[in-house]
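Trainee: I would like a close look at a single part of this model. Please take me through the packing there in one connected answer.

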Amino acid sequence: MEKQKYLDRINIVLVDTQDGANIGSVCRAMKTMGITHLTLVTERNYDENRVRTLALHASDLWENAVFCTSLEEALKTSIFAVGATRRRGRHRKLSAFSPEQLADHIATLPEGQVSIVFGRESDGLRDDEVALCSSIVTIPTSDAFPSLNLAQAVQIITYTLFQRAQEYPTGKTAVTRERIAVSSREACAHLSAIGYFKWDEEEKWLDRFFSDTLEKAGLQEGELQLFDKLFRKIEQIKIHKGDKDV
């Protein structure tokens, strides 16, 4: 697949950006790297002049941007979503990609939209927003001053993707996040039916683990159907055997 077609699958998602000038700077950073799909998750109204002044000749990205009221809506049709954050913690994923590792991973995925999510200028992405992404990407910075502004972060990651863009296997189409969410919930429901969960929040945690893992795997519909079948059969076997171990 040609380089531009590879880049056209990338969707930059900005969550609750506070200043329109930063949106304009992001548009410019994106367009210089051949990436043009922008989604804004916000209920704010922005000063058009501030956006356009910083965007310069990339104002068309602002004009064609998709507006959503929730991050969940913005990511609905993506096959892979990754949050850009430097903060780590109990609720912020077990591991992180570097920009280079992210670019390499995207190159292995089947066709479909890939969303990279950036948070607010003041405090980035919240834990619940990170939870909606299957993975995170962290840009290495100096401990003396680790904070990057929004446009800088977008520029670094889009530059890395531009450098990595190359042909990758075609003929495969990964399932969407919406489809994965259905499979994950159904798998947990089958496990719940056989009494698998023993402590509070375990089902919620496993649902998120399944969703993240399936999304990163880039499965096709037929492969996901095998996953669905596995957990249906586990419940059926348990019911058939009564109180015996599966």
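Which residues in helix 2 meet which residues in helix 8?

Mentor: Keep in mind that this is a predicted model. On the side of helix 2, the residues are N22, S25, V26, A29 and M30, and they meet L150, A151, V154, Q155 and T158 in helix 8. By class, six residues of this contact are nonpolar, four are polar and none is charged.

Now the geometry. Two packed helices are described by the angle between their axes and the distance between the axes. Helix 2 covers residues 20–31 and helix 8 covers residues 150–164; their axes come within 9 Å and cross at roughly 15°. Angles under 35 degrees count as roughly parallel, so helix 2 is roughly parallel to helix 8. The crossing of helix 2 past helix 8 is right-handed.

Helix 2 also packs against helix 3, which spans residues 48–55; here the axes come within 7 Å and the crossing angle is roughly 30°. Helix 2 and helix 3 are therefore roughly parallel to each other as well. Helix 2 passes helix 3 in a right-handed crossing. From helix 2, this contact draws on G20, A21, I23, G24, S25, C27 and R28, while helix 3 contributes R50, V51, L54 and A55. The contact of helix 2 with helix 3 has six nonpolar, three polar and two charged residues. S25 takes part in both contacts: S25 is among the residues that meet helix 8, and S25 is also listed in the contact with helix 3.

Empty space is a separate matter. Rolling a probe the size of a water molecule over the atoms shows where empty space is left. The second largest pocket holds about 490 Å³ of space. Its lining comprises 23 residues, and A84, R86, G124, S147 and L148 lie nearest the centre of this pocket. That lining divides into nine nonpolar, eight polar and six charged residues.

The lining of the largest cavity is made up of S183, E186, A187, H190, F227, D228, F231 and R232. Helix 9 (177–193) and helix 11 (221–241) each supply at least two residues of that lining. By class, the lining of the largest cavity has three nonpolar, two polar and three charged residues.

Definitions and conventions. Residues are numbered from 1 along each chain as its sequence is written. This is a predicted model: local features need pLDDT of at least 70, side-chain atom pairs count only at pLDDT 80 or more; totals for chains, interfaces and linings use all residues. Side-chain values use heavy atoms; hydrogens and water are left out. Axes are lines fitted to C-alpha atoms, for helices over the stretch in contact, and angles run from 0 to 180 degrees between N-to-C directions. Helices (H or I, at least four residues) and strands (E, at least two) are DSSP runs, numbered from the N terminus. Angles under 35 degrees count as roughly parallel, over 145 as roughly antiparallel, 65 to 115 as roughly perpendicular and the rest as oblique. A crossing is left-handed if the near helix is turned anticlockwise from the far one by less than a right angle, and right-handed if clockwise. Contact means heavy atoms within 4.5 Å. Ala, Val, Leu, Ile, Met, Phe, Trp, Tyr, Cys and Pro count as nonpolar, Asp, Glu, Lys and Arg as charged, and the others, Gly among them, as polar. On a 1 Å grid over the protein atoms alone, a cavity is a set of points where a 1.4 Å probe fits but cannot get out, and a pocket is an open set with protein on both sides within 12 Å along at least five of seven lines; lining residues have an atom within 4 Å of a point. Grid points are joined across faces, edges and corners, and a volume is the space filled by probe spheres set on the points.
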